[in-house]
Amino acid sequence: MTPIDPGYKKRTALYKKLYAYNNGTYDPKLGTTLFDESVLSAEEKAFMQEIGWIANEMIALEHNEMIARITELGQDERLSDARLTGEFVAAVGGSYRRGANGPVALRFARLIPPHDYRPARRILSCGVCGHAEHSLNRSIALSRIRESLWLGYRWHTPEGVYADLSERVELPQVDPTAEDAGALKRLLEALSRAEPDETPGKLEKRLSAEKVLRGNGGTRRSLLDVLSELGVVPNVGLRIEPERWIDYEDMVEAGRELDTTQGRSDLEMPWAGWRGHLGVDWDRARVCFGEYL
């Protein structure tokens, strides 16, 4: 497997120390937790300055302005399909976990229609983009979102998309290795040989048992979520089309009756709607990842 860059290990060690649960204090005015830099050594503070990291970076954006900024980022030539696809492949292989969220963030930015906040019928969020009602008058904690992005997690909310793309335009492009491409192939092949009745939960356990991917359950789930949002991994609830926006509310409703979204399940559509008999949409996979397959 691809070796992990030492700088990445240093970065994640910094995050682990800085964002430890007992190092934060909740600020009710900001509606978020602030973290104390004094726990860091002089060397760690110097490294944080070197990588341009701000411990508690925030921004206040109202709903419509955030959507406008995301749309603008989607047109930035530094965020090409080729770049974000390659960085996702690097995330699959583990050489650049920061790349995991890129393809869905760019898809969101390219397809999101201009809209005012529209309350959903059965969930406390905007029915179009999924912006949570409780976030309407709260600053976006960019640092905490970006920390999780660096660890390899997916963010499909408007805040997450903005935090991702607004940082990524300032980051150097990362190209995947042959080993990363091999990991993507292994993952898709594991999906394609599923038993007909295999569910997302069973598939995730099998990927872990077969050591198809390194990482933890959360990072593996993030990669599968992205593949499902791209339509590479089909679902039984709602067809994903490359150039068609699907309202957040419609996506949630499509999965409401699935057995994989009931009770204590934390699965979300469209990944929740995959079943083993659906396998992989190889035509779509070749469109998205052709040069890496």
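**Pockets and helix packing in a predicted model**

1. The lining of the second largest pocket divides into 8 nonpolar, 9 polar and 3 charged residues. Here Ala, Val, Leu, Ile, Met, Phe, Trp, Tyr, Cys and Pro count as nonpolar, Asp, Glu, Lys and Arg as charged, and the others, Gly among them, as polar.

2. This is a predicted model: local features need pLDDT of at least 70, side-chain atom pairs count only at pLDDT 80 or more, and totals for chains, interfaces and linings use all residues. Residues are numbered from 1 along each chain as its sequence is written, and side-chain values use heavy atoms, with hydrogens and water left out.

3. The largest pocket has a volume of about 560 Å³. Its lining holds 27 residues; H156, Y248, M251, M269 and P270 lie nearest the centre. A pocket is an open set of points on a 1 Å grid over the protein atoms alone, where a 1.4 Å probe fits, with protein on both sides within 12 Å along at least five of seven lines; lining residues have an atom within 4 Å of a point. Volume is the space filled by probe spheres set on the points.

4. Helix α5 (residues 102-111) gives the most to the lining of the largest pocket, with 4 residues. Helices are DSSP runs of H or I, at least four residues, numbered from the N terminus. In α5, 9 of 10 residues are buried (under 20% relative accessible area, 1.4 Å probe, protein chains only). Among them are R107 and F108.

Methods. Buried < 20%, exposed > 50% of the residue type's maximum accessible area, 1.4 Å probe, protein only. Helix = DSSP H or I, 4+ residues; strand = E, 2+ residues; numbered from the N terminus.
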